[in-house]
Amino acid sequence: MQPPPESGEPTGNALEECLRLLDDLPSAAASSPAFRRHWPFISASLSSVSASLSHPAFPPTAPLLAPLASALSALLSVCSGPPLGHLHTVSLLSSSSASLSQLAADARLLVSPAFAVGEGDGSDPLLPRLRLGSAVSRAAALDSLAESVGSLPAPSSAAAVSAVAAMLDSGDLLPASRDKAVSVLAAFASSDAARRFLIQESGTVVPHLCRALESGGASAEQACLALEPLTASSRDAAAVVASRGGVAALLVVCAAGTPASQAAAAGVLRNIAAFPDLLSAFRDEGALPLLLQLVSLGTPRAQELALGCLQNLTASDTDDGQRLKVEAFQEGALGCVKDLLESCRGDEPGLAPAFGLLRNMASFRYIAEIAASASFVGHVVAALGSDKASTRAEAAMALAELCNVGSGKARKEVGDAMPRLVWMLEAKIVTERDAAARALAALVAASSYRKLFKKEEMGIVNAVQLLDPAVRGVDKRFPLSLLLAVSRSRRCRKQIVAAGACGFLQGLVAAEVDGAKELSECLGRGKMLGVFPRT
């Protein structure tokens, strides 16, 4: 079904003029020597355009006909106008030939089912309407596209994303259509088939999404949904959002938006906060109170993403990151995390970022002492038994900061974590193994925990296996520190050698990894003592 006539459609005179020019040009060119070299290319484009305009699927509009008439008129002027000079003529023919070739490709969209929704059911082809239709027909095409994004195959998704991005960039859209285009981009962001193509167009669409974000209302929520995957995959996209005042606009959504929009806005903020050089925007806008309010009052999804943002904000060792750790603590983040941990029923998604935030703040010893005295250690140790690897890893990292502070009760709870941490050293996920090694390296600095580790049958074997160069993603300094702490024991040295540490240490010593040379020398001295028994 063709789109209805509308005020933006050109009259039939424009089409008739183009068809007349197409008929006149071949005979005029035949009498002009200037066309000889370029005529084969021009002739092919003319034939293609003529065929497309003769049987279009819907009436062609100004985006095609106006530049086509201009290009054809320029070519006719070479034939019938006054001489222009050789260089001028060649330049005009070359540029007109290139323009005509592109117009021929556009004209083929009028008859080609390059992208149809419900192919065979009489639906209009959407891609031509998105690229070449008038403002009203484009709006109708966007409505149809919004309903079918989830069912599009990958090639059609790529074409549709490109077309919507081009529409936004053209500036020739009705206000309602601009909002609809943002909604379509949000639908692309939620589609597995289309998301990667949306990311490829991030340079074009992000500024438009920022404008929608600033406008507020329903379009702000849709802009947040579209921006979340874009800012997660590109530092440049995150920087554009931050530089255009996006952090302030996103915080407004967090404070007054719908539950769904609050979660979406928190997700974008989390992505921006992952880049240390963008943290100043959060400090300038006073983001911490609003994010903590969302943790206390938001939906579970909003809580998880707000905690993820707070974790990223406090993870950096830059000056801004260090200030944010202290400011988060002063704003009550520790109490907020404790309330969340005590209210959790089961293994909720927000636990991992909550422990991440706790770990970041506890890197300051006085905050760690307050956390240990406030019974956080029990929550951390309990989380080591979680079914989720991310929660276990973050809990282990938090334990590394809390293990050597606090009361005797807290130290007893930390000791109970030893078997679980040793088990985590052989986990399938490398980040979990690395977190366990960090926690154990911090634990065995105290002699009481060192004794507990020695009692674990697989502790030394699992730690030695982390020295293997094939185990990537584990910071070798921590298993080395762990093994060094127990290497004073002759029995432990034998276990370390028997587990194959000497072979791994050769490469680590050559790479000058901290602790490798010291452990190697310690094991070497142990071998000499074995050759010369004590008297």
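Is cysteine 224 buried or exposed? Cysteine 224 is buried, with a relative accessible area of 0%. Buried means under 20% relative accessible area, exposed means over 50%, and partly exposed lies in between (1.4 Å probe, protein chains only).

This is a predicted model: local features need pLDDT of at least 70, side-chain atom pairs count only at pLDDT 80 or more, and totals for chains, interfaces and linings use all residues. Residues are numbered from 1 along each chain as its sequence is written, and side-chain values use heavy atoms, with hydrogens and water left out.

**Cores**

- A nonpolar core is a set of buried Ala, Val, Leu, Ile, Met, Phe, Trp, Tyr and Cys residues joined through side-chain atoms within 4.5 Å.
- The largest such core has 150 residues. Phe188, Leu313 and Leu421 have the most contacts inside it.
- Helix H14 (residues 259-273) gives this core its largest share, eight residues. Helices (H or I, at least four residues) and strands (E, at least two) are DSSP runs, numbered from the N terminus.
- Another core, of 25 residues, lies apart from the largest one. Its members include Leu22, Phe35, Leu46 and Val49.
- Leucine 421 is in contact with Leu384, Ala396, Leu399, Ala436, Ala439, Leu440 and Leu443, leaving aside its neighbours within four places in sequence. Contact means heavy atoms within 4.5 Å.

**Cysteines**

- The structure holds zero disulfides. A disulfide is a pair of cysteine sulfur atoms within 2.5 Å.
- For cysteine 224, the closest cysteine sulfur is in cysteine 254. The two sulfurs are 7.7 Å apart, too far for a bond.
- Cysteine 18 also has a computed accessibility: at 1% relative accessibility, it counts as buried.

- Helix H21 spans residues 365-373. Ile367, Ala368, Ala371 and Ala372 are buried there.
- Seen down the axis of H21, these buried residues fall within an arc of 135°, so they line one face of the helix. The arc is that of the directions from the helix axis to the C-beta atoms.
- Serine 375 lies in the loop between H21 and helix H22 (376-383). Its phi is near 70°, a positive value in a residue other than glycine.
- Serine 375 counts as partly exposed, at 44% relative accessibility.

**Aromatic rings**

- Rings of Phe, Tyr and Trp (its six-membered ring) pair if their centres lie within 6.5 Å; planes under 30 degrees apart count as stacked, over 60 as edge-to-face and the rest as tilted.
- A search of the whole structure finds two aromatic pairs.
- Phenylalanine 329 and tyrosine 366 have ring centres 6.0 Å apart and planes at 85°, so this pair is edge-to-face.
- Phenylalanine 329 lies in helix H18 (residues 319-330) and tyrosine 366 in helix H21, so the pair ties together parts that are 37 residues apart in sequence.
- Phenylalanine 364 and tyrosine 366 form a tilted pair, 6.3 Å centre to centre with 50° between the planes.
- Phe329, Phe364 and Tyr366 form one aromatic cluster.
- Tyrosine 366 is partly exposed at 41% relative accessibility. Phenylalanine 364 is partly exposed at 23%.

**A charge over a ring**

- Arginine 420 lies over the face of tryptophan 423, at 4.2 Å from the ring centre. A charge sits over a ring if NZ of Lys or CZ of Arg is within 6 Å of the ring centre and within 35 degrees of the ring normal.

- Tyr449, Arg450 and Phe453 are the buried residues of helix H27 (residues 447-455).
- Seen down the axis of H27, they fall within an arc of 105°, so they line one face of the helix.
- The face of H27 turned away from its buried side carries the exposed residues Lys451 and Lys455.
- Asparagine 462 is found in helix H28 (residues 459-465). Asparagine 462 is buried, with a relative accessible area of 5%.
- Leaving aside neighbours within four places in sequence, asparagine 462 is in contact with Val422, Leu425 and Glu426.
- The C-alpha atoms of asparagine 462 and alanine 499 are separated by 8.8 Å. These residues are 37 residues apart along the chain.

**Glutamate 512**

- Glutamate 512 sits in the loop between helix H31 (501-510) and helix H32 (516-531).
- Its phi is near 60°, a positive value in a residue other than glycine.
- Glutamate 512 is exposed, with a relative accessible area of 70%.
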